[in-house]
Amino acid sequence: MTGRPTTKPGRRVVITGLGAVSSIGTSVAEFLAGLRAGRSEVQPISAFDTTGFEHANGCEITGFEPERWIERLDPAELGRATRFAVAAARMAADHAGLTPQVLAAGRVLVAVGTTDGETRDLDRLVAQDAAEPGAMDPRIVRRASASRLSASIAREFALADAEAVTIPTACAAGNYAIGYGLDAIRAGDAELAFCGGADAICLKTFAGFYRLGTIAPDRCRPFDLDRKGILTGEGSGMLVLESLDSALARGAEIHAEVLGYGLNCDAYHQVAPLEESVADCMRLAVADAGIKPDEVDLISAHGTGTKANDSTEARAIHAVFGDRPPRTVSMKSMLGHTMGAAGALAAIGCTLALEHGFIPPTVNHTTTDPDCGLDCVPNQSVAADLRIVQNNGLAFGGNNAVVILGRYDEGAA
């Protein structure tokens, strides 16, 4: 499905809070430092038994203490992905300076994107039932629903007037959630929104990518001539979106502005991206943001490190931006592929890049594939005066989502 943007300009929407749970840092400060340093934490996967796989590296989160962040709910009653989401939302709320009074005063949207939901818990339940029919742990059963990712955030903040939705559009879901929040605030259906994504490493997704031949043996090398695939990762990114009027009225610090987004679904192939559809989605986002392609200073690519994705996405970028496209980076080189969290964590990275004037690097890079033909800022971050950044999210089944963010300049019209 393609076409013109359906959204119409309404209230301006800004980002006032960020929360990141990732393998390179838990907290905004740690995440920022990790992006600047080009940090990448790759290790053998410990979440499940990897016997029989020739290689099983990933970007797991270690040392995560949900009790440090989650205040009202019992972490034991939450699945791992939900713990990530609630913790990231609490970080974002604190970062935004949201008080219980502010959260209780208006309608709040909670939109969380995911690929797997709590599949890790579902794997455990199946194993329990296989070992002893009917012996499933009821506590794990209660927390296994994907709807818990968004509903638990609403419960954590005791939201009295809220819509909580979980968006299952796989690897584009974090950007879908941001677009959903943008529309709700533009239209006046919500005053603020918690938008992002969350996923935990699980056997089902790892095995699926492995059987496709797309799991890298060591490291993720997006746009590199020698790239061999993805590394699975995990985590959550949550952003507080708010109307500009609301943010100004409460004196909130504004980190960036959400200018627009584009969505489409070509349903061309279950796993192969379609160049024309990816390009069209970028055009939709640029049009919705009311800008021209040559105003985009940086592209945060989907950039999985597979042969098919990187070449197809690069050709689509050239189709939209011409022979000299903006610098284009892949944060998955550092974070691994965090599935439903990928677009949201990248959006946080884009926000920090706009705010702090730098471009995160594409690490593990040796030689750029001539078929891609992009300046992917290899291995080291660079200082840059950025005004507009594009964040790409591409998913299986042809679900594409692109978000455009802009630097917020106080006093600008």
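Student: Where does H337 lie?

Tutor: H337 is in the loop between α12 (332-335) and α13 (342-356). Keep in mind that this is a predicted model.

Student: Is H337 buried or exposed?

Tutor: H337 is buried, because its relative accessible area is 3%, and the cut-off for buried is under 20%.

Student: What is H337 in contact with, leaving aside its neighbours within four places in sequence?

Tutor: Its contacts are C171, I230, L231, T232, G233, H302, T304, K332 and A342.

Student: And G336, where is that one?

Tutor: G336 also sits in the loop between α12 and α13. G336 is buried, with a relative accessible area of 3%. Not counting residues up to four places away in sequence, G336 touches C59, L231 and G233.

Student: Switching to helices. At what angle do α1 and α13 pack?

Tutor: Helix α1 (residues 28-37) packs on α13 at about 80°, and the axes are 11 Å apart. That angle makes α1 roughly perpendicular to α13.

Student: Which residues make the contact?

Tutor: From α1 there are V28, F31, L32, L35 and R36, and from α13 there are L345, I348, G349, L352 and H356. By type, the residues of this contact are 7 nonpolar, 2 polar and 1 charged.

Student: How many residues of α7 are buried?

Tutor: In α7, 12 of the 14 residues are buried, so the helix is largely enclosed by the rest of the structure. Among the buried ones are Y176, I178, L182 and R186. Helix α7 covers residues 173-186 and reaches 20 Å from its first C-alpha to its last, close to the 20 Å expected at 1.5 Å a residue.

Student: What comes just after α7?

Tutor: G188 does, with a positive phi of about 85°.

Student: What do the buried residues of α11 pack against?

Tutor: They pack against α10 (275-289), β11 (298-300), β12 (327-329) and β15 (388-395). Buried residues of α11 include N309, D310, A314, I317 and F321. After α11 comes G322, with a positive phi near 85°.

Student: Which residues other than glycine have a positive phi, for instance V377?

Tutor: V377 is one of them, with phi near 50°. N379 is another, at about 70°. Most residues other than glycine have a negative phi.

Student: Where are V377 and N379?

Tutor: V377 is in the loop between β13 (358-359) and β14 (382-383), and N379 is found in the loop between β13 and β14 too. V377 is buried, with a relative accessible area of 4%, whereas N379 is partly exposed at 33%.

Student: Last one: what does the UniProt annotation cover?

Tutor: The unreviewed UniProt entry annotates residues 10-407 as "domain: Ketosynthase family 3 (KS3)". Over residues 10-407 the chain is 35% helix and 21% strand, and the end C-alpha atoms are 18 Å apart.

Definitions and conventions: Residues are numbered from 1 along each chain as its sequence is written. This is a predicted model: local features need pLDDT of at least 70, side-chain atom pairs count only at pLDDT 80 or more; totals for chains, interfaces and linings use all residues. Side-chain values use heavy atoms; hydrogens and water are left out. Buried means under 20% relative accessible area, exposed over 50%, partly exposed in between (1.4 Å probe, protein chains only). Helices (H or I, at least four residues) and strands (E, at least two) are DSSP runs, numbered from the N terminus. Contact means heavy atoms within 4.5 Å. UniProt positions are given in the numbering used here, feature names are shortened, and annotations may be inferred rather than shown by experiment. Axes are lines fitted to C-alpha atoms, for helices over the stretch in contact, and angles run from 0 to 180 degrees between N-to-C directions. Angles under 35 degrees count as roughly parallel, over 145 as roughly antiparallel, 65 to 115 as roughly perpendicular and the rest as oblique. Ala, Val, Leu, Ile, Met, Phe, Trp, Tyr, Cys and Pro count as nonpolar, Asp, Glu, Lys and Arg as charged, and the others, Gly among them, as polar. The expected span of a helix is 1.5 Å times one less than its number of residues.
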